[in-house]
Amino acid sequence: MDLGTVEERAAALMPGLLEELSALVAIPSVAFPGFPSEPVHRMARAVLDLAHRSGAETARLLDVPGGYPAVFVDLAGPPGAPTVLLYAHYDVQPAPPEQGWTSDPWTAVRREDGRVYGRGAADCISGILVHAGTLQVLAGERPVRIKLVVEGEEEVADHLQDVLDADPEPFAADVFVVADMGNPAVGVPALTTALRGCVECTVDVRTLDHPAHSGLFGGAAPDALVALVRILAGLHDDRGNVAVPGLTSFPWVGGDVDEAAYRRDSGLLDGVDLVGDSTLASRLWSRPSVTVTGLDAPRVATASNVLIPEATAKVSMRIAPGADPHRELRLLTEHLRRSAPWNVRVEVREGLAAAPVAVPEDGRGVAEARRALTEAYGRPAGAIGTGGSIPLVAALRRACPDAGVVIWGAQDVAGARIHASDESVHPDELRRMIVTQARLLTLLGGAG
């Protein structure tokens with residue numbers, strides 16, 4: 001199918017796809033423990049229905065033991081054509097009020113800037129709509145065999161990896177296309193060629209068997225929160241570099257990141273320094289970073305004058321492409337234990353260990369993906385990394401090590417604000433990525 005026809009069909013689909021976007025944003029499909037399961041199952045059924053209405057007559061729910069079902073599709077292509085597996089996820093991040101949303105996160109709102117705001121609008125409902133739009137554009141003219149996997153736990157646990165590891169054949173493909181990333185900015189095309197992995201642990205510090213009066217006992221007995229703060233402070237050196245010895249790290253060899261744009265897009269306050277050394281691209285894409293994502297300690301509003309007997313923190317570390325997540329997690333936990341002062345009791349519990357991904361730029365489908373991006377956007381496509389992780393991608397590569405991997409999407413880095421307040425997607429990115437993906441499948445099918 002030629003570019004002009006694809007563009008015409010994609011444009012005609014946009015009003016309906018924006019209605020689909022509003023309907024899906026309204027479903028709070030948060031798969032985190034402690035959140036209700038009904039909306040997650042409702043989202044799975046809604047995505048299944050959308051797949052059926054997009055021409056995927058074989059769409060079904062795939063049972064995922066211990067987790068939420070995945071939507072699975074397998075559509076035949078011409079004899080001898082390659083198989084392309086499209087990936088997205090339907091679970092979304094929580095949207096607590098304290099994040100500072102300026103509109104209801106579960107109501108899609110289109111603002112004057114043209115963007116559509118709402119939790120999950122970008123991550124990853126946009127990917128679902130790119131896939132649905134691709135199927136609709138190619139209706140009746142599929143150039144390749146198309147598989148589609150939309151999972152329900154990418155943000156939290158990812159039990160689908162166990163299903164894949166036990167029986168990889170249903171997921172086998174020549175090219176995996178992952179629509180869970182995005183371009184640097186609206187209208188600026190790029191392939192994502194590296195994903196940092198993510199490892200997590202919790203650190204629990206105990207010093208006393210009960211709270212103790214700070215006036216009577218303070219000055220000799222250690223406070224658990226103070227001890228925990230000292231441990232956490234040892235995660236970085238004075239310049240903000242990660243101080244855990246032995247971690248995998250390398251310099252990013254592609255283009256750098258514009259500092260002014262990074263400061264603007266991250267919301268960095270005026271006068272606040274950036275942390276770490278080396279290029280910005282290296283700090284963001286090929287070196288580890290550590291964040292304290294949670295802290296259990298008394299709230300300021302209810303604090304009293306006592307020594308705190310126990311305090312807990314959750315530590316998340318992004319790891320460089322090519323790193324072994326279990327090795328990096330072990331180095332992190334050992335460093336945390338070594339950093340404990342005053343012989344306080346420290347328990348470090350290992351959690352998530354999601355592998356990073358490096359995409360060979362000469363891999364199958366990559367050249368066609370660059371051409372498709374260039375056609376759809378009217379300008380050459382660049383190559384970027386990302387600090388984000390998509391755990392299933394590493395599992396797919398283990399199952400099919402010779403398959404090509406294409407990572408892209410409609411979540412523009414400059415404006416989407418994924419995982420944060422006022423998450424949004426730009427309709428122009430949705431439309432252009434549908435065009436891009438339909439052209440990629442056409443090129444992979446040899447139709448040019």
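**Helix packing, sheets and salt bridges**

Guide: H1 passes H12 in a right-handed crossing. A crossing is left-handed if the near helix is turned anticlockwise from the far one by less than a right angle, and right-handed if clockwise. Helices (H or I, at least four residues) and strands (E, at least two) are DSSP runs, numbered from the N terminus. The model is predicted: local features need pLDDT of at least 70 and side-chain atom pairs count only at pLDDT 80 or more, while totals for chains, interfaces and linings use all residues. Residues are numbered from 1 along each chain as its sequence is written, and side-chain values use heavy atoms, with hydrogens and water left out.

Visitor: At what angle do the axes of H1 and H12 cross, and within what distance do they come?

Guide: Axes are lines fitted to C-alpha atoms, for helices over the stretch in contact, and angles run from 0 to 180 degrees between N-to-C directions. The axes of helix H1 (residues 3-25) and helix H12 (residues 427-444) cross at roughly 135° and come within 9 Å. H1 and H12 are therefore oblique to each other. Angles under 35 degrees count as roughly parallel, over 145 as roughly antiparallel, 65 to 115 as roughly perpendicular, and the rest as oblique.

Visitor: Which residues make the contact between H1 and H12?

Guide: Contact means heavy atoms within 4.5 Å. On H1 the contributors include Leu 3, Val 6, Ala 10, Met 14 and Leu 18; on H12 they include Pro 427, Leu 430, Ile 434 and Ala 438.

Visitor: How do H1 and H3 pack?

Guide: H1 and helix H3 (residues 125-137) have their axes 9 Å apart, at an angle of about 140°. That makes H1 oblique to H3. The crossing of H1 and H3 is right-handed. Among the residues in contact are Leu 13, Glu 20 and Leu 24 of H1, with Leu 129 and Gly 133 of H3. Val 6 and Ala 10 of H1 take part in this contact, and both are also in the contact with H12.

Visitor: Let us turn to the sheets. What is the strand order in the sheet of four strands?

Guide: Strands of a sheet pair through backbone hydrogen bonds, either parallel or antiparallel. Two strands pair if DSSP finds at least two bridges between them. Here an open sheet of four strands runs in the order S11-S13-S9-S14, and the pairing is antiparallel. Strand S11 (289-296) and strand S14 (345-354) are the edge strands, each pairing on one side only. On average, neighbouring strands of this sheet are turned by 20° against each other, direction ignored.

Visitor: How many bridges join S9 to S14?

Guide: Eight bridges join strand S9 (residues 197-206) to S14, and the two run antiparallel. For Cys 201, the bridge partner in S14 is Glu 350.

Visitor: Which helix lies across S9, S11, S13 and S14?

Guide: Helix H6 (residues 224-233) lies across these strands, running at about 15° to strand S13 (310-319).

Visitor: What is the pairing in the sheet of three strands?

Guide: The pairing is mixed in this open sheet, whose order is S15-S8-S16. Its edges are strand S15 (357-358) and strand S16 (382-386), each pairing on one side only. Strand S8 (residues 190-195) is joined to S15 by two bridges, and these strands run antiparallel. Ala 194 has Ala 358 of S15 as its bridge partner. Helix H10 (residues 366-377) lies across S8 and S16, at about 140° to S8.

Visitor: How many salt bridges does the structure hold?

Guide: Side chains of opposite charge can pair when their charged atoms come close. A salt bridge is a side-chain nitrogen of Lys or Arg within 4 Å of a carboxyl oxygen of Asp or Glu. The structure holds 22 salt bridges. One of them joins Asp 49 and Arg 53 (2.8 Å, N to O). Both residues lie in helix H2 (residues 38-53), four residues apart, about one turn of the helix. Glu 20, Asp 49 and Arg 53 are linked in a network of salt bridges.

Visitor: Which parts of the chain does the pair of Arg 398 and Asp 165 tie together?

Guide: The side chains of Arg 398 and Asp 165 meet in a salt bridge (3.5 Å, N to O). Arg 398 lies in helix H11 (residues 391-399) and Asp 165 in helix H4 (residues 160-166), so the pair ties together parts that are 233 residues apart in sequence.
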